[in-house]
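Biologist: Please take a close look at one part of this model, the annotated active site. Where does it sit, and what surrounds it?

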Amino acid sequence: SIDISTFMKQTGYTALDQGFVNTASTRSEITYIDGDRGILRYRGYAIEDVAANSTYLEVAWLLIYGELPSKSQLEEFDEKIRRHTLLHEDLRRFFDALPHSAHPMSVLSSAVSALSTYYEDSHDVRDPEQVEISTIRLLAKLPVIAAYAHKKSLGQALLYPDNSMSFVDNFLKLNFGNMAEEYQVNPVLSKALDRLLILHEDHEQNASTSTVRLVGSTEANIFASISAGINALYGPLHGGANEAVLKMLGEIQESGDGVQKFVDRVKRKEDGVRLMGFGHRVYKSFDPRARLVKESADEVLADLGISDPLLDIARELEEVALADDYFIERKLYPNVDFYTGVIYKAMGFPPRMFTVLFAIGRLPGWIANWREMNEDPKTKIGRPQQLYTGPAARDWPQR
Ligand code: ACO
């Protein structure tokens, strides 16, 4: 037997699959999705079990190394990551060169790209030790860079990481602490954030992960590959949807027109407006992550004693859309990002940080995919074909 691409090549055909709707770019052992049945599994474990029983770092280990860690493996991993959180002092000053108004996603991708200038040894992608230390550096430093992007946008001082704290608590402190007073972690927020990060950790060959693999297939180092993945995540049709959802909810609130009028505009495709946080290339039934995020939204807002009218608008939107033929026929359901923005807002993050939080969540999946690609002897440089539709050969004009 031969694979379809070899067959096509031998018979002189080229498949055109715009947007890669039905083209597998790789084999992978990491994540399984059944989009028709709303199933998501990390290394065989159901997302519901993973989210209920694990932590971000434990899941990162599972995704990257393939099995759940033993207690001592997890402690050692956690300890190593704590020891690598500090950024080089010069890199702290890198933030000074960027404008306050910079979008934190641009800051994040630039700073991750800059990391490879500090770790020249990461260019040796065939050296397992270098891959291992780069993995630890990325997991340790991305949250710090993310928090600095946030502080920078507020014009506040950048704090040093506190390595006596857990991964998520440290991140909260870097974002919301200040030099003047002791930061008290709210355990409800810490647990909820950890859960949201877990839900974002991997999602097989989405646009950003495919980008990481494509860049990595050229043997570019892991920092360069992941910086490219962050840029792919930035767009509103991918990770940027969480920021776009909150903007949409705010606009519906401000217009005073009500949810139905907005849904009617979406159905008329007026100005290309879409119901952000709805629809998915793979899920043609409920996104299992969306159910879990919705539960978290209810819990977090109740625990914080916040009643956010935007959450009510989101609930109403979901209800109206799920009962409407336009959405039913097209199998459009809420995706992971429909409710995350409401939770991040309740936690105190500005909308421009929402996609940055997604990036921290997705990092272990990007790393796991990059490593799987890098270790696979069958990996080839990614190089899609095209169907040329330009002019036929023509003579250069006499002028
Ligand atoms: N609102 C209104 N209509 C939609 C939506 C939406 N959110 N999503 C898809 N449709 C419609 C399209 O207009 C199209 O209708 P048509 O058949 O009349 O032309 C049909 O549903 C199919 O849509 P496609 O764009 O072909 O679906 P695709 O699989 O290419 O797109 C995507 C998936 C990009 C996620 C899309 O559903 C979308 O734009 N959603 C909103 C943005 C969003 O929430 N993105 C986050 C995705 S999850 C993630 O990355 C974490």
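Modeller: Here is the site, one residue at a time. Numbering starts from 1 along each chain as its sequence is written. The model is predicted: local features need pLDDT of at least 70, side-chain atom pairs count only at pLDDT 80 or more, and totals for chains, interfaces and linings use all residues.

An unreviewed UniProt entry places the feature "active site" at His-280 and Asp-337. The two are spread over 58 residues of sequence, yet they cluster in space, with a largest C-alpha distance of 10.7 Å. UniProt positions follow the numbering used here, feature names are shortened, and annotations may be inferred rather than shown by experiment.

Take His-280. It lies in the loop between α13 (259–267) and α14 (288–304). Helices are DSSP runs (H or I, at least four residues), numbered from the N terminus. His-280 counts as buried because it has 21 C-beta neighbours inside 10 Å. The cut-off for buried is 20 or more other C-beta atoms within 10 Å of the residue's own, with C-beta atoms placed from the backbone. Not counting residues up to four places away in sequence, His-280 touches Asp-287 and Asn-335. Contact requires C-beta atoms, placed from the backbone, within 7 Å.

Now Asp-337. It is found in helix α17, residues 337–347. Asp-337 is buried too, because 29 other C-beta atoms lie within 10 Å. Leaving aside neighbours within four places in sequence, Asp-337 is in contact with Ala-241, Asn-242, Val-245 and Gly-277.

Note on methods: Helix = DSSP H or I, 4+ residues; strand = E, 2+ residues; numbered from the N terminus. Buried ≥ 20, exposed ≤ 12 C-beta atoms within 10 Å, placed from the backbone. Contact = placed C-beta atoms within 7 Å.
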